[in-house]
Amino acid sequence: MINDDLYRRHHVVQAIAIIVVVVFIVRLFGLQVIDKSYRDKSENISLVNQTIYPPRGLIYDRNGDLLVFNQPIFEVMLVVRDMTNAKEPFDTLAFCRSMSIDRDYFERRMSEIRDRSKNPGYSQYRPQVFMTQLNSIDIAPLQQELYKLPGISIRQRTLRDYTYPAAAQVLGSIGEVNQRDIENDSYYQSGDYSGRDGIERTYETILRGIKGKEVLMRDIRGCIQGHYKNGELDEQPIAGENLTITIDIQLQLLAEELLQGKVGSAVAIEPSTGEILALASNPTWNPSLLIGRQRSANYRELLNDKTKPLMNRATQAQYSPGSTFKTLQSLVCLQEGGITPQTLYPCSGKGSSPIKCTHHHGSPVNLINAIEQSCNPYYWQAFRDMLEKEGYGKDNEKFRARYQLWVDDMMSFNLGRKFEDSDISEQSKGSVPQVALYDKIYGKTGWRAMTIRSNSIGQGEVLVTPLQLCNAAATIANEGYFITPHLCKSDTFLTHRHETAVEQRYFPIVKQGMARVMTNGTGRHYALPDSITSAGKTGTVQNSRGRDHAIFIGFAPVDNPKIAVAVVVENAGFGATWAAPIASMMMEQYLTGEVTRKDLRQRISSTVLNPNVINRK
């Protein structure tokens, strides 16, 4: 009996021992084979993985002119363990003196490095970034002191630089990644840089390249002894891809020059391809202001500027389109049978009601005359007859259905929405007021054409961006379609073709009217020289917060358009006075390679319409 108990106990003890051994084996296998973190930590005591950053891709304009390139910069790196475990105490004063910093800055920066909430990748064994974006002059004093500063090293990287002080909102800038960037993309680690806006942001994954690394050996005193396994584990970086954008830098420079002293924007598009030739917004800045150690200070200054230079007015500002909208109104009214090209409406000039005319011309007026002379009463009556063609019907349903046709037709020009398939990340959508909006304001039976008459002449609730306006001009130039406006010069965008809801047969009559604007109408003083035909439409937009905005859209040549332009100058007055000459000179520059009207160029570029605009070029 006793022997039986001892026998059973013996087997229990054996079983327990076997279980303990198995648990240990499984745990060790998990730690050493499956979970590599412990092995990595062990190796990092003797090995240093040092990142080699690839050069960022260069950016060229459409003609091969270099816009953005790289210059060498330096970063000061430190390994906390090497600083604290050295035989002699770390010479903080010598380090601060060589870096031109005070001890308070040193202590604050060391605290930030050790703070894992701010620096999640912190390890006392791994190199940490102490200071970035230093040039060769900044780093020279430290290089002379390195031999007596254990744990301190210098790493070379590259920094963006710019050939021209222009196109800041287009090109964008590079900035240090934040914690969200690191969490969303394993490519990044603390201290890395990425594109923060513009082209740099949109094409970040193409431009940034692929990092390399070198694995270095370190002895028990922390001194680097060379490459591990003679560099067998090293990986060479792969440079970022170069990028050619659609911008014509000479046209961009001219647009920014002409907008000096003004608040506004200018956009130019090649109609047949949708390629953006110029995308100027003012106020602007020299892109070089947002590189180097002064980036943060300069960014704060731009951010606090009440004229909002950081907003790209060309793609984000929203305006009533004013009389430029009459070109689209003509097309939609033709499409929906509200008018024909021969339809005549009376105009009593300033005595017209409910919308008066601001121009002097004969009466009655047909469509071509209405575009040429920008006749408000014509467009009010055409808008009314189009919407009320089928009357009101029960509960106003027929009228509201006609209004929905108008909305759909307008939105087919990409008004009231962003260009979702574009590579322009910073956009506003504008507004084409929906049926639901007016139902909410007035009730389903409480509104009619008279209620929303301001929409007939591009005022009211209609809002557009300058980019949308320019695309509308390009669509008219193409007689019914547009290619999504874009900035990367890639043929793949040619597949992004969009047909409008307006039939092609209605576009030639509108183009004819726009051509008459430049020969007999409000744009006649700024027709292109050398017999180059152009088409356009001026607009003067009422502004409740100051002087009217000046607007112009156009394209040239009329028969085979190569460029479409939209210009907005805020608080400037008449579109024919300010926006039209800017657009005219941009078209001349692109088509001929120069601006021959020197006096006009000097007058426009030197005139200050807004004294609050700061020139940061």
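Trainee: How do E15 and E16 pair, and over how many bridges?

Mentor: In this predicted model, strand E15 (residues 535-541) pairs with E16 in the antiparallel sense, over seven bridges. Within that pairing, Thr-540 has Ala-550 of E16 as its bridge partner.

Trainee: And which way does E17 run against E16?

Mentor: E16 and strand E17 (residues 563-569) run antiparallel and are joined by seven bridges. Gly-554 stands opposite Val-565 in E17.

Trainee: How many residues sit between E16 and E17?

Mentor: Six residues lie between them, and the two strands form a hairpin.

Trainee: Which residues of E16 point which way?

Mentor: His-549, Ile-551, Ile-553 and Phe-555 point one way. Ala-550, Phe-552, Gly-554 and Ala-556 point the other way, and the residues of both sets are all buried.

Trainee: Now the sheet. What is the strand order?

Mentor: The order is E12-E11-E17-E16-E15, an open sheet of five strands with antiparallel pairing. Strand E12 (275-282) and E15 are the edge strands, each pairing on one side only. On average, neighbouring strands of this sheet are turned by 5° against each other, direction ignored.

Trainee: What does helix H11 touch?

Mentor: Helix H11 (residues 249-258) packs on the sheet and touches strand E11 (264-270), E12 and E17.

Trainee: What angle does H11 make with E12?

Mentor: The direction of H11 makes about 25° with that of E12.

Key:
Residues numbered from 1 in each chain as written. Predicted model: local features only at pLDDT ≥ 70, side-chain atom pairs only at ≥ 80, totals over all residues. Heavy atoms only, no water. Buried < 20%, exposed > 50% of the residue type's maximum accessible area, 1.4 Å probe, protein only. Helix = DSSP H or I, 4+ residues; strand = E, 2+ residues; numbered from the N terminus. Pairing = 2+ DSSP bridges. Axes fitted to C-alpha atoms, helices over the stretch in contact; angles between N-to-C directions. Contact = heavy atoms within 4.5 Å.
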